[in-house]
Amino acid sequence: MTGKRIVIVGNGMVGHYYVEKLVALPQQFDITVIGAEPRPAYDRVHLSEVFSGKKPEDLALTSREHYQQLGVSAHFGDEVISINREAKTITTSTGRNFNYDKLILATGSYPYVPPIPGAEQPACLVYRTIDDLGRIRAESKNAKSAAVVGGGLLGLECANALQNLGLQTHVVEFANGLMNQQLDLRGSQLLRRLIEELDVRVHTGKATRRIAAGDDSRLKMEFADNSALETDLIVFSAGIRPNDNLAKSANLEIGERGGIVIDYHCRTSDSSIYAIGECALFGNKIYGLVAPGYRMADAALSQLTEEKVAFQGADMSTKLKLLGVDVGSIGDAKGNAENCCSFEYANEKTKIYKRINVSADGKQLLGAVLVGDCSDYDNLMQYYSNGLELPEQAETLILPSSSGAVTLNASALPLTATICSCHNVTKAQIVDLIDSGAVSLAAVKTETAASTGCGGCAALLKSVVDAELSMRGVEVNNHICEHFKFSRQELFHICKIESIQSFYVLLRKHGQGRGCDICKPTVASILASLWNDYVLEDKHVGLQDTNDTFLANMQKNGTYSVVPRIPGGEITPAKLGVIADVGKQFDLYTKITGGQRIDLFGARLNQLPEIWKILVDAGFETGHAYGKALRTVKSCVGNSWCRYGVQDSVSMAIFIENRYKGLRSPHKIKSAVSGCTRECAEAQSKDFGIIATERGWNLFVGGNGGMRPRHADLFATDLDDETLIKYIDRYLIFYIRTAARLQRTSVWLDNLEGGLDYLREVVIDDRLGIAAELEQQMQSLVGTYQCEWKTTINDAEKLKRFRQFVNSDADDTQILFVRERGQPRPANAEERKLMELTP
Amino acid sequence: MKSVNVITLCAASDLIADSGVCVLYKNTQIALFYLPAETPALWAISNWDPISEANILSRGILGDIEGELVVASPLYKQHFSLRSGRCLEQDSQRVATFKVELSEGSVLLYP
Ligand code: SRM
Ligand SMILES: Cc1cc2nc3c(=O)[nH]c(=O)nc-3n(C[C@H](O)[C@H](O)[C@H](O)COP(=O)(O)OP(=O)(O)OC[C@H]3O[C@@H](n4cnc5c(N)ncnc54)[C@H](O)[C@@H]3O)c2cc1C
Ligand code: SF4
Ligand code: FES
């Protein structure tokens, strides 16, 4: 009998990985899982994302039902408290007993809390589990500040989370630098500077002696050097300690400083018991990352199969974004190896530091540190982990690309190259899959699980898959969806050339099926760009996103926001009064937006026409906050008031906003006009931005804020008013005609063959001979503008659409609000539950 | 077959072609979708989107995914089958479907 009954203690990331691999084996086992946490395994690595919007459920790696389907008997919220090695049984805290033939300990680790007097108070917490998150969130409710004890990887991650909760955040580190384990001195110093710029206060060389009650805050940390720090909340992240008590009480061999001792096969000192993950000690070392844990699971599992693999230690290289700062550490980061030779690149201006450590003969990469820019990580990692021979001048690997850096082409990687280290996927496996018929990145991901762990290899994986596919002549497909085998640009041309004016005609002639939520709004936008029909024409109604259908943005509870246009951000006190009255009358949440205007939130569908009637009567127009269209043109006050202004930026912004309002486009378009080079309107972060000069206007294009900020490029200088408008007309229509679906000007410009120079040739030199046509199309769009809300409130038929129920005047009673700072906001799930219970 | 009371929910003229409207029946919000080119032309599912937890499905875009008629949630874009109420992206989520019929200018519900 080779062990039919397998019991796995601990259902963390590694324990779960083991179970998944175990059920995939051809043999049948009787599998039992016991997890101390109340829920099945979840993605601990991405725990912090809960503070930036994810729900705890989104982290789940499995579910009770899934285990049931796999025939695994799983018990959560129970703890194994003893092992009887003679009888081969275990006992749990609720008194249940289980027999095993093989026992797998995957009990993980716990955060170490140093024995500091006062550390047992309720506002002193740790950060490891979903339950910890709940505690931190609860304690942060009435807190203003928080301190993390520990400036390592997890400590900084935690600081990030605390900052996301809006707390003034401190990092207190005992040693003299941050991330001492992964970074050298300079790297660690730069990281500190970058983090301090984000308003996280860093205190190094501080040993906490006592935690007492604070004077202004809840707590006061007293340090050995007699200084002190007041804070409302403390989270300890001073290292991890293996959960080895269970093993210790069963007399298994334990390391001097903790950890269950294992051999190459991940066997403990009892050959029926294995230990894997963060509870295990291999070569006197605990591996505090998930990928080594998975490799241990693979080794332990292989004991049940013919093909034995050994665990021989693992690489601890990491790439992270900590508080938005890129940090990478590979292999021997500090250059400890004898005779090793280092190259460093440091740029004080852009705040980038890179270092590589190379073997004495210059051929092998031994380690690297990257701070402020990790774009070389994948490349370096390939040299490091595959032992590739370095180029003659190894330093080119970290020099800025203008100096001709050598980048490893995906097709140049050897087949043995590891692409995803979390799931141990090599290039050979990917090539095999593609040879056997996989034709997409998605298929490769599903088959190999590559890039579904830490996600760090996503870019590399994509380039390997793309390179392999295109080598086999597979065209990487740009069809917008299953209904049209065309890109947005191709559809635009078809509609224009064939004068197609309705979705259904286009579908009949060039598509298949019935359409969907991808192609319908895309085509609606193309038709609007070409013919500028009223978007609620009967034939367009079913094509629009709800935001376009109801001319307002839907909010999380099904209500809508109302954003009147305030061109250039200029508004009279009287008009402000109208907005205030509407807000009061309908009890709407009122906020100044980032786009220099005012947003009113919480309007019910049936209130929208009434609200807009008042606004339109007072002279407001729709702000198109709901459409892929021109949003705002921000302005600075300019030379009418400002002592530095050289042109009238407000008048220009208002003129531009009025000219392009309502213009439908592949994505939203934003602009701004500044009155001098001080640039108070932030024009260089806009799709097109205008900055006044002594002699006229400088035009910038392709700027973007948002997820991937891009600085706009200077396109033309010292333009007079007329030329400025002419160039903008041409630029915008050229973009609308040629961009992909949901592509902002920034990405479009980056992908435009020939780039900025080509754009200048088209717009300024008219190389394609289409300038007049572009201008004319803009002119016709400007001439056919209508305020959609004005049109709507004057059309009784259209107004019928705004009924909550077509058969009743009742309100949606499941829309519930609570009040905060004197204004309404949607009730959250817990509040809703309470309100529904107490009518 | 046991005989049931048939309820008139609203007039056919309240429907909007290739789009949705919502009716209130007792305390239940029902999303009605009118697809003149399909047989049957009228479909009904619950208006409650269990994923975003709001009453909004009647305001989604209609279409098909590999031949299955669906509405896309206007908030987080999951697709719900008009036939079965099943969520195509999350198998465990399903919304109620209702038996409805267009007859002589009225929308009828078989409760
Ligand atoms: C209300 C507002 C936030 C605020 O309270 O200030 C806001 C709110 C929303 N923004 Fe924004 N953005 C607002 C200013 C901005 C700005 C600042 C600016 O315009 O100067 C930016 C960065 C600048 C930029 O776009 O380059 C901004 C970058 C985004 C992005 C990221 C775009 C990108 O290219 O990366 C999105 C997501 C998207 O569009 O795909 C977004 C999407 C959204 C959406 C539409 C999200 C959604 O789908 O529900 C929000 C809807 C608001 C509503 O219901 O009315 N919002 N958003 C601001 C409205 C400005 C206005 O008056 O129209
Ligand atoms: C905030 C954070 C960020 C991280 N970021 C990264 C990262 O970017 N990259 C990376 O590689 N790693 C990261 N890690 C580390 C990674 O999460 C761990 O390496 C991994 O979770 C280890 O898995 P494990 O299964 O060994 O232990 P765990 O995930 O800790 O699971 C052990 C489980 O066993 C249970 N258990 C313990 N004792 C018993 C018992 N007696 N009976 C029953 N159950 C028991 C515990 O309750 C726990 O649920 C991060 C960790 C944290 C906390
Ligand atoms: S950009 Fe120039 S004109 Fe405008 S407010 Fe700033 S300093 Fe004044
Ligand atoms: S390396 Fe972590 S997912 Fe691939």
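In what order do the elements of chain B run from the N terminus on? They run β-β-β-β-β-β-β-β-β-β-β.

1. Basis of the note. The model is predicted, so local features need pLDDT of at least 70 and side-chain atom pairs count only at pLDDT 80 or more, whereas totals for chains, interfaces and linings use all residues. Residues are numbered from 1 along each chain as its sequence is written, chains are lettered from A and ligands numbered from 1 in the order in which they are written, and side-chain values use heavy atoms, with hydrogens and water left out.

2. Chain B. This chain has zero helices and eleven strands; helices (H or I, at least four residues) and strands (E, at least two) are DSSP runs, numbered from the N terminus. Of its 111 residues, 52% are buried, where buried means under 20% relative accessible area, exposed over 50% and partly exposed in between, with a 1.4 Å probe and protein chains only. Among the contacts in chain B (heavy atoms within 4.5 Å) between residues at least 6 apart in sequence, 40% join residues at least 24 apart. Chain B has an accessible surface of about 5100 Å², and 48% of this belongs to carbon and sulfur atoms; such areas come from the Shrake-Rupley method with a 1.4 Å probe, and for residues only the protein chains shown count as cover.

3. Chain A as a whole. The secondary structure of chain A consists of 26 helices and 38 strands. Buried residues make up 53% of its 839 residues. Of the contacts in chain A with a separation of 6 or more, 61% are between residues 24 or more positions apart.

4. Strand 30 (residues 589-592) and strand 31 (residues 598-603) of chain A run antiparallel and are joined by four bridges; two strands pair if DSSP finds at least two bridges between them. Lys591(A) has Asp599(A) in strand 31 as its bridge partner. Five residues lie between the two strands of this hairpin, and Gln596(A) takes a positive phi near 60° there.

5. Ligand 1. What is the number of residues that surround ligand 1? There are 21, and the closest are Gln555(A), Gly594(A), Lys668(A), Lys686(A) and Gly705(A); a residue is near a molecule if one of its heavy atoms lies within 4 Å of it. Polar side-chain atoms of Arg597(A) and Lys668(A) each lie 2.7 Å from an oxygen atom of ligand 1. By class, the shell has two nonpolar, eleven polar and eight charged residues; Ala, Val, Leu, Ile, Met, Phe, Trp, Tyr, Cys and Pro count as nonpolar, Asp, Glu, Lys and Arg as charged, and the others, Gly among them, as polar.

6. Ligand 2. Around ligand 2 there are 30 residues, of which the closest are Glu37(A), Arg44(A), Arg128(A), Glu278(A) and Val290(A). An oxygen atom of ligand 2 is 2.5 Å from an N or O atom in the side chain of Glu278(A), and for the side chain of Arg44(A) the distance from an oxygen atom of the ligand is 2.8 Å. The protein buries 92% of the 1000 Å² that ligand 2 exposes when taken alone. Helix 1 of chain A gives the most to the shell, with three residues. The shell has 13 nonpolar, eleven polar and six charged residues.

7. Ligand 3. The residues around ligand 3 include Cys636(A), Cys642(A), Cys676(A) and Cys680(A). Its shell has six nonpolar, three polar and two charged residues.

8. A buried serine. Ser529(A) lies in helix 14 (residues 519-531) of chain A. Ser529(A) counts as buried because its relative accessibility is 0%. Its side chain reaches the backbone oxygen of Arg664(A) at 2.7 Å.

Definitions and conventions:
Polar contact = N/O pair within 3.5 Å; in protein donor to acceptor, adjacent residues only side chain to side chain.
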